[in-house]
Amino acid sequence: MNHLPLVAPLSLYGPPCRLHCGVARLFVLNTEIVPANHPTAIERAAKLLAAGELVAVPTETVYGLAGNGRDDRVVATIFQVKERPFFDPLILHLPDKSWVERLSKLDPEREKLVAALIERFWPGPLTLLLPKSEQVSDLVTASLPTVALRMPANPVLRAILRKGGFPVAAPSANRFGRVSPTTAEHVLEELGSKIPLIVDDGPTKLGLESTIVEPTGSKKLLLHRPGPIGESDLAEFGPVETADLKGSIKAPGQTPSHYAPDKPVRLIEKGHVPADAAEAGLLAWGQNSQRSQFRVMFSLSESRDLVEAASRLFSLLRAMDREAVAAIYVEKVPETGIGKAIMNRLYRAAAETRGNVKGEK
Ligand code: TXA
Ligand code: MG
């Protein structure tokens, strides 16, 4: 094949080789990273997907672990590669809007609301939870009656989807419970040796996963996951309510501990210096005058720009995780606009050590 992908360091593990074990091909000992602008990158990714392989793809939010969403064998492999429990459903990424009709079953009332949301926000970082049609497999939805649909905006992924012509199931390309990847290198860290190809389109634009919303029959919008599309944008279409996920497996990705680096994450108010600061790292909001008191400090955004902070958050969590620090302190950001989504991810990243944020979601 006429392409010159960068062969990732994982080729160290041996020559290209695939072990077939039951439904899953879990070990592809040679993961390639191909630049998105390589002349054959799109075609190659689409061909691999059509052949039932998994490919890590860029989206405008985070990198996704993509596979043919109409092939249960492939969908099962996604769960295995990601080490994700089967009760946690996947988002289908669509080549075009016409798929909504095939994959969902909408009453006329909801149809109007959904059409308006799609018109406004697609392609883009809005995932819609809709009653599923028979065409969607129970494996994708974890047997839930709803299916999560999204039409991504990243032009490379859109081209791959158009070439493939089928919906692609794609969770974030990280191992279950860990920080979502916003660069191809992050994907390699998470899943290298388990997938044949990563399409590298540089750092993702937004850096946080899509907003997940369930339009209800009564025109309410249930917010399942805050994200780049904010509540105020959604409010133009109907009252927005935060979905009550307690005691339900409706959005298991919303389990308390998620987005977790290896080091403990603790949330602090701006300017606070904890007792163990000298051994700890700080992700600061804006500039921080106490920077010399921490072992390492990175700023989420020196100019206190929430959009910039969102785009850097996961990358900086990973970078801090690699530093010689015992804990990662993160200064809280204002919960306005995308700040709400940032804090949602941070509360979860801190979930295992969340004495300081008790009771918060
Ligand atoms: O931005 C994104 O949405 C990224 C990129 C790759 O598109 N994808 C992503 O997928 O974040 P994932 O699988 O990491 O997160 C999807 C979330 C999970 O929390 C899952 O539980 C929830 O969506 N979800 C999927 N289908 C659902 C359904 N039918 N009902 C409730 N929640 C659902
Ligand atoms: Mg995820």
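Ser 193 is buried in this predicted model, because its relative accessibility of 17% is under the 20% limit. The residue lies in the loop between α7 (184-191) and β11. Its phi is positive, about 80°, although Ser 193 is not a glycine. Most residues other than glycine have a negative phi, and most peptide bonds are trans.

Lys 219 also has a positive phi without being a glycine, with a value near 70°. Lys 219 sits in the loop that joins β12 (211-215) to β13 (221-225). With a relative accessible area of 44%, Lys 219 is partly exposed. Pro 123 belongs to the loop between α4 (108-121) and β8 (126-131).

Helix α1 spans residues 41-50, and its buried residues are Ala 41, Arg 44, Ala 45, Ala 46, Leu 48 and Leu 49. An α-helix has 3.6 residues a turn, so residues three or four places apart point the same way. What do the buried residues of α1 pack against? Their partners include the strands β4 (32-35), β5 (55-57) and β6 (64-68). Helix α6 (155-164) is another partner, as are β10 (168-169) and β11 (197-200).

Strand β16 (residues 281-285) pairs with β17 in the parallel sense over five bridges. Leu 282 has Met 297 of β17 as its bridge partner.

A pair of aromatic rings is described by the distance of the centres and the angle of the planes. With ring centres required to lie within 6.5 Å, the count is three aromatic pairs. One of them joins Phe 79 and Phe 86: the centres are 4.8 Å apart and the planes stand at 35°, so the pair is tilted. Phe 79 is buried, at 1% relative accessible area, whereas Phe 86 is partly exposed, at 43%. Elsewhere, the charged end of Arg 102 sits over the ring of Trp 99, 3.8 Å from the ring centre.

Key: Residues numbered from 1 in each chain as written. Chains lettered and ligands numbered in written order. Predicted model: local features only at pLDDT ≥ 70, side-chain atom pairs only at ≥ 80, totals over all residues. Heavy atoms only, no water. Pairing = 2+ DSSP bridges. Helix = DSSP H or I, 4+ residues; strand = E, 2+ residues; numbered from the N terminus. Phe/Tyr/Trp six-rings, centres within 6.5 Å; stacked < 30°, edge-to-face > 60°. Buried < 20%, exposed > 50% of the residue type's maximum accessible area, 1.4 Å probe, protein only. Lys NZ or Arg CZ within 6 Å of the ring centre and 35° of its normal. Contact = heavy atoms within 4.5 Å.
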